[in-house]
Amino acid sequence: MIRVAIADDHHLVRSGLEALLSDATDIDLVAIAENGEQAVLLAAEFSPDVMLMDLNMGSTSGIDAAREILEDQPDIAIVALPA
């Protein structure tokens with residue numbers, strides 16, 4: 001089972017990804033973040049295998065959040081979602 005987290009500041013994108021991933025039998029959606037700050041906190045709490053990360057989010061961008069996450073948990077694979 002692959003543990004996945006989503007981080008995106010657009011509700012429609014988060015909902016679409018959640019719906020898409022919910023049909024997969026080998027994926028466990030463990031967390032959904034609305035911004036980069038939440039992404040960092042949820043990555044620390046849930047340790048997903050993969051994080052789908054929007055690059056352009058509020059005060060903490062996806063790039064900054066990814067750097068912070070990878071400093072603490074270098075085994076998390078981060079997939080950048082373009083704006």
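## Helix H2 and its buried side

In helix H2, the residues that count as buried are Gly36, Ala39, Val40, Leu42 and Ala43. Buried here means under 20% relative accessible area, exposed means over 50%, and partly exposed is in between, with a 1.4 Å probe and protein chains only. Helices (H or I, at least four residues) and strands (E, at least two) are DSSP runs, numbered from the N terminus. This is a predicted model, where local features need pLDDT of at least 70 and side-chain atom pairs count only at pLDDT 80 or more, while totals for chains, interfaces and linings use all residues. Residues are numbered from 1 along each chain as its sequence is written, and side-chain values use heavy atoms, with hydrogens and water left out.

What do the buried residues of H2 pack against? Their partners are S1, S2, S3 and H3. At the N-terminal end, Asn35 caps H2, with a side-chain oxygen 3.1 Å from the backbone nitrogen of Glu37. Just after H2 comes Ser47, with a positive phi of about 45°.

Ala39 sits in H2 and is buried, at a relative accessible area of 0%. Leaving out residues up to four places away in sequence, Ala39 touches Ala7, Ala33, Met51, Met53 and Ile69 (contact: heavy atoms within 4.5 Å). Ile69 is 30 residues from Ala39 along the chain, yet their C-alpha atoms are 8.2 Å apart.

A nonpolar core is a set of buried Ala, Val, Leu, Ile, Met, Phe, Trp, Tyr and Cys residues joined through side-chain atoms within 4.5 Å. The largest one has 15 residues, and Ala7, Ala39, Met51, Met53 and Ile69 touch the most other members. Two or more residues come from each of strand S1 (2–7), strand S2 (27–33), helix H2 (36–46), strand S3 (50–54) and helix H3 (62–72). H2 gives the most, with four residues. Apart from this core lies another, of six residues, including Val4, Ile6, Leu21 and Leu81.

## S3 and its neighbours

Four of the five residues of S3 are buried, so this strand is largely enclosed by the rest of the structure. Strands pair if DSSP finds at least two bridges between them. S1 and S3 run parallel and are joined by four bridges; Ala5 has Met51 as its bridge partner in S3. S3 also runs parallel to strand S4 (residues 77–81), with five bridges joining them, and Leu52 stands opposite Val79 in S4.

Definitions and conventions: A polar contact is a pair of N or O atoms within 3.5 Å; within protein, one must be able to donate a hydrogen and the other to accept it, and residues adjacent in sequence count only if both atoms are side-chain atoms.
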